[in-house]
Amino acid sequence: MAGRPNPRHLQLNIIIIIQLLALFFRSSALFSPPDNYLISCGSISPITLHDHRIFLPDATHLISSNPKISISADANTFLQSNSYASVYQSARIFTSPSSFEFQIRSKGIHIIRLHFYPFSTGSHNLASAQFHVLASGFVLLSNFTASSDSPLKEFMLRVDGEKLVIFFVPVDSSSFAFVNAIEVISAPVDLVEDKARLVQTDQVLSFDGLSKQVMETLFRINVGGPKVTPFNDTLWRTWVPDNEFFDSDSVTKIVSFSGRIMYRRYGASREVAPDSVYNTARIIDVVNSSEVSSRITWKFPVDHGYKYLIRMHFCDIASLALNELYFNVYINGHLAYENFDISSATGQVLASPYYVDFVADMGSSGILFVSVGPSGSVGHSRVDGLLNGLEIMKLNNTVGSLDGELPFSLVLEEASVQLSAR
């Protein structure tokens, strides 16, 4: 006669099943991009990064009328701290206009990351390369020369066709182009909205058509927190601490949060920014200050003559109760958002992420200032302002370029001249 089941074993089995189901649903919820091309240029075998992504050789995507040239670097031990060190050991070189072609399964915004680490070999010094990079009718880079200080260039652009072609064009017949690695990744549908707040000197208007712009990511800041590597970001981004950019004498305090970040349906998702960004913040500290609260400011060097997208990430991890935190936002000293009510914005939920997109035209200025400051609203808050994260992206100019006044058509025309002369 079979014995009766042990209640403790049944309870343990139920707990295990629940945990497995929770893990399954959590894994199912992770973002899985329909287009996810990870290409190691010049390599002959797949390369696995520390974040477990696998970069494949580039041969099937490369289109070139000339012999394919690839080079490899000696082991560079000083690169090991870089998340992409493994793919910086090889490069594809172009002595004439060439391109990579990617079939697109899902139309819409795509993230493009181009890697240019200028190592040197006996035959080539990649730091001497000078070239243009084009895609989808836009100029991404013009007369570009790579620097080991910033080997990664990230762009976001809309792809409405069935394929994406990225062109690499040497500036003249005596120069060459190169690339170490390419990433082409479908962006989540909620990553780029179509509207933003256009900040002008005396008013704030609506900026429409943001999703049709091409953007270059210049700064991605984890305010008050440590560096976030691609391993800890569902879109494999890097966020750096704000210390280098913080430019204020006001009394501030860095706060951290160990509880659960309350992501809401139709609100900011983990793909917009990860927990590691939302669970730290820099605040204007009223409680521990004998001074009248003033603005806190961050300062960034930018190219003049372009518009910039400024995305500010907020998550109220500092208030003890709802409806206590109100503050103003300033872009270049101009009032961009008055009496921002974070409790209302997040549907009356504390520790819930929210972001606001601003667009500013820099004109002749080469310094972008972003500030938060006390609101004029009457209240008794322990905090007069807060910021968790910050992203700054350059928008294309009127000729469709992110880098100068050469339009796409003129660069392609020059490329055709180069090819016909060979």
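The legends below accompany close-up views of a predicted model.

**View 1. A salt bridge joins D208 and K195.**
Welcome to the charged pairs: a search of the whole structure turns up 17 salt bridges. In this one, D208 and K195 bring their closest N and O atoms to 2.7 Å from each other. D208 sits in strand β16 (residues 204-208) and K195 in strand β15 (residues 195-199), so the pair links distant parts of the chain, 13 residues apart. How accessible are the two partners? D208 is partly exposed at 46% relative accessibility, and K195 is exposed with a relative accessible area of 53%.

**View 2. D242 and R282 meet in a salt bridge.**
Here the N to O distance is 2.9 Å. D242 belongs to the loop between β18 (240-241) and β19 (252-256), while R282 is part of strand β20 (residues 280-285), so this contact ties together parts that are 40 residues apart in sequence.

**View 3. R311 and D357 form a salt bridge between two strands.**
The side chains of R311 and D357 come together at 2.7 Å, N to O. Since R311 lies in strand β22 (residues 307-315) and D357 in strand β25 (residues 353-361), the pair ties together parts 46 residues apart in sequence. Both R311 and D357 are buried.

**View 4. Salt bridges with shared partners build one network.**
Which residues take part in this network? The members are D51, R53, R113, E154, E183, R220 and E391.

**View 5. Four strands make an open antiparallel sheet.**
Follow the strand order and you will read β21-β26-β23-β24. The edges are β21 and β24 (334-341), each of which pairs on one side only. On average, neighbouring strands of this sheet are turned by 15° against each other, with direction ignored.

**View 6. Strand β26 pairs with β21 and with β23.**
Zooming in, strand β21 (residues 296-301) runs antiparallel to strand β26 (residues 367-374), and the two pair over 6 bridges. Which residue of β26 is the bridge partner of W298? That partner is V370. Strand β23 (residues 326-331) also pairs with β26 in the antiparallel sense, over 5 bridges. Within β26, G373 is the bridge partner of N328, and P374 is the bridge partner of F327.

**View 7. The largest nonpolar core holds 66 residues, and another core lies apart from it.**
Which members of the largest core touch the most other members? They are F116, I166, F168 and I182. The other core has 50 residues, including I221, W239, W298 and V356. In soluble globular proteins, nonpolar side chains tend to be buried together.

Definitions and conventions: Residues are numbered from 1 along each chain as its sequence is written. This is a predicted model: local features need pLDDT of at least 70, side-chain atom pairs count only at pLDDT 80 or more; totals for chains, interfaces and linings use all residues. Side-chain values use heavy atoms; hydrogens and water are left out. A salt bridge is a side-chain nitrogen of Lys or Arg within 4 Å of a carboxyl oxygen of Asp or Glu. Buried means under 20% relative accessible area, exposed over 50%, partly exposed in between (1.4 Å probe, protein chains only). Two strands pair if DSSP finds at least two bridges between them. Axes are lines fitted to C-alpha atoms, for helices over the stretch in contact, and angles run from 0 to 180 degrees between N-to-C directions. A nonpolar core is a set of buried Ala, Val, Leu, Ile, Met, Phe, Trp, Tyr and Cys residues joined through side-chain atoms within 4.5 Å.
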